[in-house]
Structure formats: structure tokens, C-alpha cells
Amino acid sequence: MIKRFISGAISAAVLAASMGISPYASNAAENINYAEALQKSLYFYEVQQAGPLPEWNRVEWRTDSTMIDEVKGGWYDAGDHVKFNLPMSYSASMLAWGLYQYPNGVENCGEMQNYVNNLEFVLDYLAECDRGDEVVYQVGMGQKDHTWWGPVELYQYGMEDSGASYEAAREILVGSDGCSAVIGGMSAALAAGYCALDGRIDESKRESYLEHSINLLKIADASRSDEVYNNTDAQGFYRSSHFYDELFYASNWLYIATKDQKYLDQAASYIPNLDRELGDSSQLKYTWGHCWDDEMQGAMLLYAINTGDRQYIDHVEKHVKYWTNDVKKLDGGLRWSATWGCLRYAETAGFIAAVACDTVLKDRDISAYTKFYEEQINFALGDNPDNFSYVCGFGENSPKNPHHRTAHGSWKNDESTPTISRHTLYGALVGGPTEDGSYEDNRGNYINNEVATDYNAGYTALLCKMIDKYGGKSDPAFPPVEVHDGPEFYVEALDKGITSSGATVSFKITNHTAWPARVQDNLSFRYFMDLSELKAAGKNPEDVVIRCDRDQSAMYADKGVKQAEISPIKHYNGDIYYIEVTLPDGRAVLPVSEGMQQCEILIAFVYPDYGSGWDASNDFSNTEIIGKSGSADDQGNIKGIVTKYIPVYINGELYYGEEPDGTYADGNISAGSDTTLPSPADPATSTTKDEGIVFGDANCDGKTEIADATLILQMLTNKDEYQLTEKGMINADVSNRGDGITASDALSIMKLDAGVIDSLPESYSE
């Protein structure tokens with residue numbers, strides 16, 4: 001049996017190799033679609049959008065958020081929910097520079113409008129932060145924000161549930177003196193945006209960017225200090241090491257924007273104050289990289305371009321040569337320079353090298369520098385010894401668990417629940433490997449698995465160069481509609497005592513929303529009973545005593561939350577009756593913590609006159625719960641049984657579950673198809689026929705066999721020629737279910753065919 005499995009696996013590997021891929025996720029440089037990578041990187045910036053989302057935002061699991069912000073818009077910094085203007089302005093300047101330097105490739109690949117949209121969005125925010133004589137330079141308090149792990153759409157409720165003040169968590173930092181780095185960085189971003197968006201947006205708005213840039217540089221230059229900034233909440237997250245580099249960067253961009261010599265002269269005046277090499281004060285520093293806290297090298301490249309001065313051109317080459325030859329080189333070519341977020345530094349250094357090669361160094365031997373910058377981008381996109389793409393959702397083998405609250409979609413303020421992130425954070429560049437080249441796809445390891453707007457900044461700019469050089473087209477079908485991991489609302493029920501005199505049942509109505517996470521008013525469930533035994537005994541169904549022994553929603557009355565409403569017994573048809581329990585106020589059940597993600601309603605159904613004769617075994621809603629004790633979670637809490645026979649309704653319309661007459665709704669699990677995923681109650685016990693799925697049947701012929709594995713591998717190799725239907729995609733996701741279609745799914749099907757495993761899915765993520 002094992003021999004047969006190995007033989008089948010080898011055959012599949014040979015088949016995959018004949019198609020130009022490894023069955024385990026090869027992404028050779030010549031097969032990289034840089035346009036797809038750019039498309040997804042821009043999508044990541046849409047994930048990060050704060051405030052009211054624009055109509056063009058493509059992220060189905062995001063909606064408006066932190067709407068009390070004094071300055072709305074802008075980008076959340078990373079996997080958190082603070083708007084730090086220092087890294088944000090740096091990131092905006094890099095996106096602007098990439099577009100300014102290489103517009104043709106962006107235009108030709110089909111991503112110009114998405115690019116302009118995202119750049120304009122962030123520049124609008126930065127411009128609004130300029131109040132004339134003072135500047136808003138941060139929105140949200142990092143120390144408070146980092147106390148809660150959950151989706152930003154429910155930020156208010158997460159903060160309040162954890163004992164924090166929502167208003168205090170969204171405070172702003174405003175200043176003028178002592179904030180030179182952040183304000184100078186904002187000036188640079190707006191000037192760069194002015195240059196990049198020439199002819200692409202409303203001219204009056206573009207001119208306003210320039211006006212704000214000029215004013216911001218004036219404010220930043222006036223006090224020449226970071227003393228105020230570095231003594232605020234920002235110091236624990238983005239403390240500024242120096243500020244002359246931002247002033248130098250901004251003045252260079254303003255010279256490009258205006259051609260006014262005074263800005264070039266101003267730039268020159270900052271040079272004596274720039275960093276020097278340690279131990280050699282005669283040399284300007286060239287042995288670090290362009291980043292959110294040090295814009296010197298990018299600014300020096302701009303100054304060399306602006307002046308043509310050989311001294312500064314030589315400096316640029318020293319910097320590029322340093323990255324090419326002296327920074328530690330991992331197998332595969334990545335230059336590893338820092339523990340925290342090594343890829344961001346390498347990608348940005350690659351962009352600086354690319355621009356230098358195309359401008360001030362173009363008449364020199366640039367072959368080694370060209371190889372250097374291509375190695376950095378290709379390594380990140382999967383051309384490395386592990387055939388692993390460090391960009392989420394790019395390539396078959398890429399991170400599934402970036403350190404990102406909203407993409408994770410936890411319902412209990414816990415970064416480990418669920419195990420696999422619920423959303424694909426397309427386009428996000430993670431921190432990268434350790435110094436020994438290893439990498440762990442673990443969101444708890446934020447050093448290597450963090451994502452942030454500044455991580456993607458130089459990477460996005462370098463992609464503009466690669467598309468300009470190699471071409472490529474973005475995918476008109478992107479982004480795909482996500483298949484939900486289960487119904488977002490359902491009931492967990494437990495038999496708490498059933499006797500001949502009645503029944504006591506615990507109902508936990510559950511909110512695990514993530515598309516997007518949200519408050520849902522008028523959420524209800526129905527409990528169906530067959531009361532034929534009462535009628536046979538001459539009793540009236542309406543005489544059954546309905547007693548509520550616990551109503552968790554009443555706990556929130558001090559917040560103005562309406563408690564649960566329990567209907568009298570209602571007739572369904574024949575001998576079938578039901579009660580309906582409604583939560584009129586959705587704030588009673590929210591996916592923000594262990595305590596709030598479910599709202600328990602404990603109800604006793606008592607035989608009329610407290611007699612006997614109750615038969616619970618024939619009650620429709622007891623089908624899966626009668627006599628069952630539930631299971632314990634990791635903390636020892638007893639989990640109820642998720643059952644479709646206690647259906648859930650929204651505004652009176654069936655959302656999830658089944659009624660006694662067979663009427664059924666899947667809770668939008670399958671993103672519009674009529675195929676439903678297994679109940680989240682106990683997915684490990686699902687069979688290949690549960691809920692209409694034939695696990696492994698990629699070609700939808702009703703069977704699971706080697707042909708399905710072959711089709712999966714073909715699809716992964718050539719999506720233009722080989723495709724799976726929506727139902728086929730659901731069927732085929734059988735290895736670590738919920739992580740999308742990968743070569744591991746094909747391998748699991750081969751193992752089933754060989755008899756190595758008995759059923760699919762092989763494993764099932766929480």
C-alpha cells in the first residue's frame with residue numbers, strides 16, 4: 001500500500017515537472033508575474049484603509065471603521081489600528097516614487113487606476129492633517145490599541161469590552177515644534193505625490209498637495225527637533241532617530257516638483273548635518289538603507305539626480321555596491337541586514353539600486369547591481385531554495401498566518417483562535433526569514449511575520465521597475481470571492497436536562513462574523529417541537545410553560561442594550577410548534593471576546609400543570625443534541641453542539657439552518673453557490689458526503705481519484721488553460737482545509753487513493 005502511494009506521488013511529481021513546476025510550489029524567476037504581484041500589493045493597501053471606505057475598495061471583508069477619528073482616512077499601520085504618520089508618509093512617498101519613475105509599466109499592465117486610487121487616498125489624509133500652523137501626526141494611541149486583538153470594524157466594542165475607552169484609544173497627536181521628522185516626511189510624500197500624479201487626478205487637488213508640502217516643510221524646518229515627537233505615544237513604536245534626512249528628502253522632492261533653486265539650495269544646507277560613517281566622520285553614511293526612519297539614501301539619490309554632482313553620484317554607487325557585495329547574502333540571493341523585517345530593507349535597497357542604474361549610474365558597469373535588485377524581488381516572490389513566496393496569496397506556497405488582526409478574524413480577542421487566518425491578506429509582504437534562512441508561518445512571531453505599509457512600500461516601487469522591464473498583465477478576475485469558513489451566525493445548544501416533565505436547553509447564539517465583522521440587530525433562532533403527545537393527552541400546546549432561566553443579554557442593560565425577546569409558542573404546521581428568541585440589539589453578541597462572542601439563553605420547557613408526559617425525542621430541534629453532553633475546549637469550557645436544526649434568522653429571514661419542512665439556508669458559506677460546507681460544530685467528523693461536498697472531487701464527476709489530483713496540479717501550473725468550477729474548488733480543498741487550493745490537496749487525494757488515509761479532508765483547520 002505504501003509502495004503504491006509512493007509510486008503515485010512520484011508519477012504526479014513527474015507530471016508536474018513536465019508542466020514546468022514542482023508539486024510543492026516552485027516559483028522560478030522566469031515564471032513570476034510582476035503585474036499580479038503589484039495588483040495584490042495595491043490590494044493590501046486597500047485592506048489598510050481607515051475611515052469611510054471608497055467605492056473602489058475591493059476588500060469584501062472590510063467596511064467603514066474608526067469613524068470617530070478626528071482626521072478620517074489614511075492607512076492603519078500594520079496588523080494594528082493606529083495611524084502613525086511617520087511610516088505612513090514614508091510609504092506614500094515610495095509608492096509615489098515608483099509611479100513617478102516607472103509609469104509606463106504600471107499603465108501597460110492594467111494597474112494604473114488602482115495605483116492612482118490608493119496613492120490619492122493616502123495623500124488626501126496627509127493633506128488634511130495639515131492645519132496651517134500645526135499638524136496632526138498620529139491618530140490612535142498604540143499603547144491602548146495593542147491591548148485588543150480583533151477586527152477593526154468592531155474596534156469600539158473590543159476596546160470597551162477590554163475595559164478601555166474607545167475615545168481615548170482614538171486620540172490624536174498634534175504639534176508643530178519638535179516634530180521635524182514626521183512633518184518633514186509628510187512634506188516629502190505630498191511633493192512626491194504631486195510629481196507622480198501629474199495629469200492623473202484633478203489638478204486643483206494636486207496643486208493643494210504641493211501647497212501642503214511647502215507649508216509642512218516650513219513647519220518641520222522651523223524648530224529642527226524631534227524632542228516633542230519622541231516623548232509621545234509614538235516613541236514606543238516609531239521613535240525617530242534623526243530628522244535632517246527627512247528635511248533633505250522633502251526639499252529634494254520639492255525641487256523636482258517646482259524646479260525652484262531655493263529648494264535645491266535648502267537640500268544642500270542639510271548635508272553637513274547628515275549621518276557619517278562610524279569612525280570616519282569624513283564620509284557620509286552609506287552603510288544603512290532607505291527606510292521609514294532613515295530617508296538619507298533615497299534623498300541622496302534624488303540629490304545626485306537633481307545636481308549631477310559626481311561626488312554624490314559616487315556616494316550613491318558606494319551605497320549600492322555596499323548592498324550588492326557587503327550585506328550578508330542568504331542562499332537564493334537575499335541580502336539580510338536586520339532581524340526585524342529584513343525583506344523590507346532588501347526590497348527598498350533593490351529599488352534604490354534600480355533607479356540608480358537607470359539614472360546616475362547608467363553609464364557605468366551596472367551588471368552586478370542589476371543582478372542584485374532582481375535577486376531581492378525574485379527571492380521575495382518565491383525564487384529561493386524553499387520555493388516559498390513571502391507575499392501572502394502570491395504563489396501556491398506563501399504565508400497563511402500573517403500578524404494581522406482583521407485578516408485573522410478572531411472572535412475571542414485571541415491571536416491563536418482560529419488556527420488559520422480567515423482571510424487571505426493578498427499582497428502583504430511579511431518580515432521574512434531569520435539570519436539562518438529559516439521562516440515560521442506563525443502570526444505570534446511578529447518579528448518575521450509582521451506586515452506593514454512600510455514593508456510593502458519599497459517592494460511596490462521595485463515592482464514598478466520590474467513590470468517596466470519585463471511587462472506582464474494583472475488578473476481582471478482578482479480578487480476572488482472568498483468561501484466562508486462556516487455560517488457567521490449559528491446556535492450552539494446543549495441538553496441541560498430532559499425528563500418526562502419537560503426539557504431545559506442552553507442556546508448560545510453565536511456571532512463569528514468576518515465578512516465583515518459586524519453588529520447584527522434582529523438576530524433570532526427558532527426551537528421546533530413536536531407536541532403531539534400533549535395534544536393526545538388533551539393538553540393545549542399553548543399551556544406549555546416557557547421559563548427563561550438565564551438571559552446573558554440582560555448583562556448589558558447598563559449600556560442600553562435591549563434584552564432578548566422570547567415569543568410564546570407558535571404553530572408551524574401539523575403537530576409542530578416553535579418558539580422564537582430574538583436579540584433586537586446586536587450589541588448583545590459580538591465577536592470581540594470569549595465572553596461576548598456568544599449570548600446564552602437558558603430556557604426550560606415545562607409540561608402543563610407541571611405534570612409528566614413530555615417526549616423530547618420527537619422534537620425536530622433536538623435531533624443532534626438530545627442526550628449529548630458537548631465537548632470541552634482547550635480551557636475546559638463545555639462547548640455546545642452546533643446544529644442546523646435550530647435555525648437562525650436575520651430580520652425574520654432564514655439565514656442558516658433547516659426548518660421541519662426541509663427549507664434550508666447555508667448562511668452564505670459557499671459565497672453564492674448552493675454547495676454548503678460542513679457545520680463548524682465538529683468539522684473533523686465530516687465525511688466526504690457531508691452537506692453536499694464530495695471531498696477531493698475536483699472535476700465534479702462524483703468520484704475522488706488520481707484524475708482529480710492531476711487536475712489540481714494542472715490548474716496550479718496554468719490557470720488560463722485549466723480551471724476548477726466553484727464547486728470543484730470547494731471539493732478540492734482537502735488538506736488543511738481553509739487554506740485554499742495547493743499541491744498538498746493533490747497529495748492528500750493521492751494518499752486517499754493509495755489507502756494511506758481513510759477519508760478526506762486529511763486535516764481541518766479550526
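Author: Let us start with a space inside the protein: Val47, Gln48, Arg62, Tyr76, Ala78, Asp80, His81, Val152, His404 and Thr406 line the second largest cavity. Here a cavity is a set of points on a 1 Å grid over the protein atoms alone where a 1.4 Å probe fits but cannot get out, and lining residues have an atom within 4 Å of a point. This is a predicted model, in which local features need pLDDT of at least 70 and side-chain atom pairs count only at pLDDT 80 or more, while totals for chains, interfaces and linings use all residues. Residues are numbered from 1 along each chain as its sequence is written, and side-chain values use heavy atoms, with hydrogens and water left out.

Reader: What is the volume of the second largest cavity?

Author: A search of the whole structure finds two cavities of 30 Å³ or more. A volume is the space filled by probe spheres set on the grid points, which are joined across faces, edges and corners. For the second largest cavity, the volume is about 40 Å³.

Reader: How do the residues of its lining divide into nonpolar, polar and charged?

Author: Ala, Val, Leu, Ile, Met, Phe, Trp, Tyr, Cys and Pro count as nonpolar, Asp, Glu, Lys and Arg as charged, and the others, Gly among them, as polar. The lining of the second largest cavity therefore divides into four nonpolar, four polar and two charged residues.

Reader: In β9, what is the bridge partner of Tyr490?

Author: Strand β8 (residues 489-499) pairs with strand β9 (residues 502-511) in the antiparallel sense over nine bridges. A hairpin of two residues joins β8 to β9. In β9, the bridge partner of Tyr490 is Thr510.

Reader: Which are the edge strands of the sheet of five strands?

Author: The five strands form an open sheet in the order β11-β15-β9-β8-β18, with antiparallel pairing. Two bridges join β8 to β18 (residues 641-642). The strands that pair on one side only are β11 (545-551) and β18.

Reader: Is α15 roughly parallel or oblique to α17?

Author: Axes are lines fitted to C-alpha atoms, for helices over the stretch in contact, and angles run from 0 to 180 degrees between N-to-C directions. Helix α15 (residues 310-326) and helix α17 (residues 367-380) pack at an angle of about 60°, with their axes 10 Å apart. Angles under 35 degrees count as roughly parallel, over 145 as roughly antiparallel, 65 to 115 as roughly perpendicular and the rest as oblique. That angle therefore makes α15, relative to α17, oblique.

Reader: Where is Pro418?

Author: The peptide bond from Thr417 to Pro418 is cis, with omega near -5°. Pro418 has its place in the loop between α18 (405-408) and α19 (446-449).

Conventions. On a 1 Å grid over the protein atoms alone, a cavity is a set of points where a 1.4 Å probe fits but cannot get out, and a pocket is an open set with protein on both sides within 12 Å along at least five of seven lines; lining residues have an atom within 4 Å of a point. Helices (H or I, at least four residues) and strands (E, at least two) are DSSP runs, numbered from the N terminus. Two strands pair if DSSP finds at least two bridges between them.
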